[in-house]
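Please look at the sequence and the model shown below, and keep both in view while you read the paragraphs that follow.

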Amino acid sequence: MTKPAAPKRHLPTSPFKAPVPPAPKHFAVGDQVTHDVYGLGRVVAMEDGIAALVDFGSSQMRILSPYAKMTKL
């Protein structure tokens with residue numbers, strides 16, 4: 001079974017609590033990160049929440065926000 005394309009909306013009359021959206025990821029220059037596709041790297045530059053320039057050793061990639069496949073180590 002696949003995941004639905006759009007998230008379910010919360011009805012105000014529902015007895016259940018509304019789901020909490022995950023906090024946005026914040027990276028700084030010099031942070032060591034891992035990416036699901038590119039592997040280990042280090043943040044070289046940030047573009048005000050729009051993108052991060054990451055050096056993966058063999059190449060530098062511009063990773064766009066919300067950084068779904070990138071985590072801080």
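Two strands are said to pair if DSSP finds at least two bridges between them, while the strands themselves (E, at least two residues) are DSSP runs, numbered from the N terminus. The model is a predicted one, in which local features need pLDDT of at least 70, side-chain atom pairs count only at pLDDT 80 or more, and totals for chains, interfaces and linings use all residues. Residues are numbered from 1 along each chain as its sequence is written, and side-chain values use heavy atoms, with hydrogens and water left out.

With these terms in hand, we can turn to strand β2 (residues 39-46), which runs antiparallel to strand β3 (residues 51-55) and is joined to it by four bridges. Within this pairing, Ala-45 has Leu-53 of β3 as its bridge partner. Both strands belong to an open sheet of five strands, whose order is β4-β3-β2-β1-β5 and whose pairing is antiparallel. At the edges of the sheet stand β4 and β5, each of which pairs on one side only.

The next stop is the loop between β4 (60-64) and β5 (70-72), where Pro-66 is found. Most residues other than glycine have a negative phi, and most peptide bonds are trans. The peptide bond from Ser-65 to Pro-66, however, is cis, with omega near 20°. Tyr-67 lies in the loop between β4 and β5 as well, and although Tyr-67 is not a glycine, its phi is positive, at about 55°. Is Tyr-67 buried or exposed? Tyr-67 is buried, with a relative accessible area of 3%, where buried means under 20%, exposed over 50%, and partly exposed in between (1.4 Å probe, protein chains only).
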